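Please walk through this fold with the structure open beside the text.

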Amino acid sequence: MAPILEIKNLYKNYGSLNILKDVNVSIGSGDFLVLVGPSGCGKSTLLNCIAGLEPISGGSIEIGGQDMTHVSPKDRNIAMVFQSYALYPTMTVAKNITFGMKVRGVEKAEQDIKLAEVARQLQIEPLLSRRPAQLSGGQRQRVAMGRALVRDPKLFLFDEPLSNLDAKLRVEMRTEIKKLHQNLGASMVYVTHDQIEAMTLATKIVVMKGGVVQQIGTPAEIYSKPANLFVADFMGSPAMNLIPAKAKKNGSGYNVIIERAGGEPLVLHEKRTKKLPANVVVGLRPEDIGDAQYRKGRDLHVSSCQVDVVEPAGADTFVLMSLGGKEVTARLHAETGATPGKEIEFAFDMKKLSYFDADTGDRLELQ
Amino acid sequence: MTDDIHSTSQTNMIGKLALRWGLYILLCLFALYYLMPLFVMVTTSLKSLDEIRTGSLVALPRDVTFAAWGTAWSSACTGIQCEGLRPYFWNSVLLAVPAVLISTLIGAINGYVIAKWRFKGANLIFSLMLFGCFIPFQVVLLPMARMLGLMGMAGSITGLIFVHVVYGIGFTTLFFRNYYVTIPTELVKAAKVDGAGFFRILWEIFLPLSLPIIVVTIIWQFTQIWNDFLFGVSFSQAGTQPVTVALNNIVNSTTGVKEYNVDMASAIIAALPTLVVYVVAGKYFIRGLTAGSVKG
């Protein structure tokens with residue numbers, strides 16, 4: 001089946017300023033694509049380009065198998081939800097939702113049917129005669145979604161729709177958007193700077209930085225196999241531990257040597273690869289460093305390290321130590337016996353180690 | 001000790017009270033000073049000529065008579081014609097109403113374009129328009145007269161409307177542009193995705209939001225155009241003079257005795273429409289200035 005959205009070699013310049021460089025993205029029907037990155041990475045610009053609200057400087061955009069590169073927004077078969085909701089202030093909720101249909105000359109009876117359907121779906125029936133100023137943040141959010149839903153487009157675009165809500169409501173709405181996606185089976189493109197939102201919602205994530213796509217993949221791929229140091233550091237909370245180390249050939253594998261201040265270096269034996277450069281950065285998620293007394297398995301490397309800080313967080317306890325001159329976080333069992341200043345045994349999950357080139361920052365594939 | 005504090009706070013109280021009352025008295029004096037001319041105008045217009053000659057300037061009228069008002073309206077002489085202010089008053093209405101509406105509408109469109117449909121050179125054009133606000137009218141009298149002549153509008157009310165529209169656009173554009181930059185651009189984007197075009201977005205989304213600034217613009221433009229004398233006297237002829245020019249002529253053409261009561265009544269009549277506009281629209285004016293931040 002043809003992809004719903006296909007972006008090829010997209011460039012966007014403002015004068016001599018490069019905003020987007022050679023972006024290639026493709027999603028299939030029913031995909032939930034999340035564009036994520038720090039502010040100024042070009043993710044919102046990319047969304048505006050997809051919507052046709054910003055002209056592009058090079059490349060092409062196809063939506064639903066049709067070339068839409070130079071088509072105006074209204075003919076792209078898209079609907080968009082904005083960060084500020086962009087509800088029309090002088091119109092009632094009902095008029096806001098039906099405005100698009102009215103503009104397109106849809107018959108009044110059909111407008112009413114669709115309005116009722118969307119209002120029921122989003123549970124905003126009691127609000128239909130109110131104006132946006134009389135609604136709470138969450139209600140405005142729903143109305144903005146209603147305005148998009150009622151159009152029944154090929155592609156939904158969301159521009160940081162949750163960033164104006166308070167923390168609790170944000171989590172609720174996140175779940176609701178996810179449900180909506182599952183129920184409708186619609187294709188969506190969603191922009192956020194929040195990597196947790198990206199992980200929870202996406203079927204496919206695009207991580208961007210400085211207008212360049214860093215990695216495209218499923219949330220699991222991005223999380224466990226980040227393409228470079230930037231992605232490794234940006235995705236996940238707490239962030240992945242990135243520890244400078246030296247690699248030395250040892251038999252069929254490598255010894256990865258991590259310096260420790262005032263102690264023996266930590267030596268991990270990596271069997272999975274025949275080739276590593278001398279200087280590497282080891283990437284390991286906090287949950288891949290465990291409490292030796294609770295974790296058992298074949299691919300664990302157990303070593304004793306000194307605990308610097310203990311941060312209980314309810315379900316888990318985060319323990320900070322110092323390895324290779326970096327602060328390293330381990331996610332331990334809540335009932336861990338770790339105390340600051342004392343040594344305990346940590347289990348490093350050797351299957352989960354990622355390696356990055358210390359010079360380029362790129363991921364080193366193991367072979 | 002406690003007595004000390006007590007007496008200090010008491011002195012403070014008295015000081016504050018004295019300050020407050022002093023302020024009020026001063027303000028009242030200013031208000032009186034400001035209202036005095038209006039008081040003299042109104043009372044004088046209600047007196048007969050005899051009474052004006054014999055009585056004091058600030059005295060209340062002994063016999064209230066509206067004769068001077070009647071004369072001012074329908075039979076006072078402006079030069080050789082003696083038809084009063086009436087025909088000129090209607091000239092002013094015919095001139096001000098279209099000129100205000102047209103310049104406001106063009107200002108709304110200009111402001112909307114400059115604020116929300118950015119194009120190359122938009123800032124330059126806006127700066128030039130602002131520059132136009134500050135050009136003294138005297139500078140443009142001759143070129144404008146020549147231009148009106150070329151366009152065949154010399155001496156006509158249409159010509160005057162044209163002049164006022166041209167000179168109003170700078171201000172009206174400024175008003176609307178400044179109002180529209182506070183409205184989030186995402187509204188335009190949302191409407192574009194919804195399928196609305198340039199004029200529909202203006203008409204159905206921006207204009208309904210603009211009531212406060214429309215009122216401000218109308219008051220400003222109406223006051224400017226109604227009170228204008230220079231353009232009126234320069235670009236009109238016998239039948240097309242606005243009320244300000246006629247007022248000047250009434251006051252300046254005396255036959256024998258100077259009819260102060262008619263002069264005063266004429267002046268009040270000429271100023272009345274702008275007063276009415278303020279009284280009627282004033283509350284929207286204030287409301288407009290305070291409720292400017294209409295956020296979605």
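Helix α4 of chain A has 10 of its 13 residues buried, so the rest of the structure largely encloses it. A residue is called buried if 20 or more other C-beta atoms lie within 10 Å of its own, exposed if 12 or fewer do, and partly exposed in between; the C-beta atoms are placed from the backbone. Helices (H or I, at least four residues) and strands (E, at least two) are DSSP runs, numbered from the N terminus. This is a predicted model, in which local features need pLDDT of at least 70 and side-chain atom pairs count only at pLDDT 80 or more, while totals for chains, interfaces and linings use all residues. Residues are numbered from 1 along each chain as its sequence is written, and chains are lettered from A and ligands numbered from 1 in the order in which they are written.

Which residues of α4(A) are buried? They are R140(A), Q141(A), R142(A), V143(A), A144(A), M145(A), G146(A), R147(A), A148(A) and L149(A). Their cover includes β6, α2 (93-103), α3 (108-122), β7 and α5 (167-184) of chain A. Contact here means that the C-beta atoms of two residues, placed from the backbone, lie within 7 Å. The length of the helix also checks out.

Strand β6(A) spans residues 78-81 and is covered on both faces. I78(A) and M80(A) are buried on one side, A79(A) and V81(A) on the other. Strand β7 (residues 155-159) of chain A runs parallel to β6(A), joined by 4 bridges. Two strands count as paired if DSSP finds at least two bridges between them. Across this pair, M80(A) stands opposite L157(A).

Most residues other than glycine have a negative phi, and most peptide bonds are trans. Y85(A), in the loop between β6 and α2 of chain A, has a positive phi of about 70°. Y85(A) is buried, because 25 other C-beta atoms lie within 10 Å. E160(A), in the loop between β7 and α5 of chain A, also has a positive phi, about 40°. With 21 other C-beta atoms within 10 Å, E160(A) is buried too.

Step back to the whole chain. Chain A is divided into domain 1 (5-234) and domain 2 (241-357); the bounds come from an automatic or database domain assignment. Their centres, taken over C-alpha atoms, are 39 Å apart. Domain 1 of chain A gives 6 residues to the contact and domain 2 of chain A gives 5. A cis peptide bond joins S237(A) and P238(A), with omega about -5°. P238(A) sits in the loop between α8 (229-234) and β11 (241-250) of chain A.

Finally, look at an open sheet of 3 strands, antiparallel, in the order β15-β20-β16 (chain A). Its edge strands are β15 (289-291) and β16 (300-306) of chain A, each pairing on one side only. Strand β20 (residues 343-349) of chain A is joined to β16(A) by 7 bridges. Within that pair, Q306(A) stands opposite E343(A).
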